[in-house]
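Subject: The structure for you to look at

Hello,

Here is the structure I promised to pass on. Please open it next to this email and follow along.

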Amino acid sequence: MLCEQCNQNTSTVYITSLASGQRTKRQLCQTCAQPVLDGIAPNEKTGATFLGVPAAQKAKLLPEQISIPDPVIVRDLAATLTLAPFQVVGTLMRMNVPVSSLDAVSFETASRLCASYGVFAAQA
Ligand SMILES: [Zn+2]
């Protein structure tokens, strides 16, 4: 069973969370589960979609605003976001956008992805 978060690693951790009155169960790998286990995933409390970007990490690593072309290659988008390509691919998967890191996505899709990370995307 692959991790529901990144779709890359084998899931080794089962997490049950109570969000918006709904109990949800997830199977995550150690890497993706760590922020949840550390209790620094604010989205867990609000019930918003969990995207595996801990608040601390976001504050340190993710830019507030990026400028990207239309369309943009997923790998380049990830680099601009200072994320690993598989993280962006995983997030796009959860947005029902099946891509590889070498595929291009439209600016519209890319900006929705960025919004999910709390990053504002401007078209270059
Ligand atoms: Zn994972």
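Which residues have the most contacts inside the largest nonpolar core? They are Leu77, Leu81, Val88, Ala110 and Cys114, and the core has 18 residues. A nonpolar core here is a set of buried Ala, Val, Leu, Ile, Met, Phe, Trp, Tyr and Cys residues joined through C-beta atoms within 7 Å. A residue is buried if 20 or more other C-beta atoms lie within 10 Å of its own, exposed if 12 or fewer, and partly exposed in between; the C-beta atoms are placed from the backbone. β3 (65-68), α4 (74-80), α5 (85-94) and α6 (107-116) each supply at least two residues of this core. Apart from it lies another core, of six residues, including Cys3, Cys6, Leu28 and Cys29.

Some ground rules. This is a predicted model: local features need pLDDT of at least 70, side-chain atom pairs count only at pLDDT 80 or more, and totals for chains, interfaces and linings use all residues. Residues are numbered from 1 along each chain as its sequence is written.

The pLDDT is the predictor's confidence in each residue, from 0 to 100. The protein chain averages 79, and 73% of the residues score at least 70. Over residues 40-60 the pLDDT is below 50. That stretch still has 31 contacts in the model beyond near neighbours in sequence. Two residues are in contact if their C-beta atoms, placed from the backbone, lie within 7 Å. Where pLDDT is low, the predicted coordinates should not be read in detail.

**The overall plan**

The protein chain has six helices and six strands. From the N terminus on, they run β-β-α-α-α-β-β-α-α-β-α-β. Helices (H or I, at least four residues) and strands (E, at least two) are DSSP runs, numbered from the N terminus. Of the 124 residues, 29% are buried. Take the contacts between residues at least 6 apart in sequence: 45% of them join residues at least 24 apart.

Start with Leu81. Leaving aside neighbours within four places in sequence, Leu81 is in contact with Leu62, Ile66, Val88, Tyr117 and Val119. Leu62 sits in the loop between α3 (55-61) and β3. Leu62 is partly exposed, because it has 16 other C-beta atoms within 10 Å. Leu62 and Thr82 are 20 residues apart in sequence, yet their C-alpha atoms are 6.2 Å apart in space.

Now look at α6. Which of its residues are buried? Ala110, Ser111, Leu113 and Cys114 are. They lie on the same side of α6, because they cover an arc of only 155° around the axis. The arc is that of the directions from the helix axis to the C-beta atoms. The face turned away from this buried side carries the exposed residues Glu108 and Ala115. The buried residues of α6 pack against β3, β4 (72-73), α4, α5, β5 and β6 (120-123).

α5 comes next. Gln87, Val88, Val89, Gly90, Thr91 and Leu92 are buried in α5. The buried residues of α5 pack against α4, β5 and α6.

Then there is β3. Ile66 and Ile68 form its covered face, while Gln65 and Ser67 form the uncovered one. In a regular strand the side chains alternate between the two faces of the sheet. β3 and β6 pair in the parallel sense over four bridges. Two strands pair if DSSP finds at least two bridges between them. Gln65 stands opposite Phe120 in β6.

Most residues other than glycine have a negative phi, and most peptide bonds are trans. Where are the departures here?

- Asp70 and Pro71 are joined by a cis peptide bond, with omega about 0°. Pro71 is in the loop between β3 and β4.
- Asn7 has a positive phi, near 55°. Asn7 lies in the segment before β1 (13-19). Asn7 counts as partly exposed because it has 16 C-beta neighbours inside 10 Å.
- Asn96 has a positive phi, near 60°. Asn96 lies in the loop between α5 and β5. With 6 other C-beta atoms within 10 Å, Asn96 is exposed.

Best wishes
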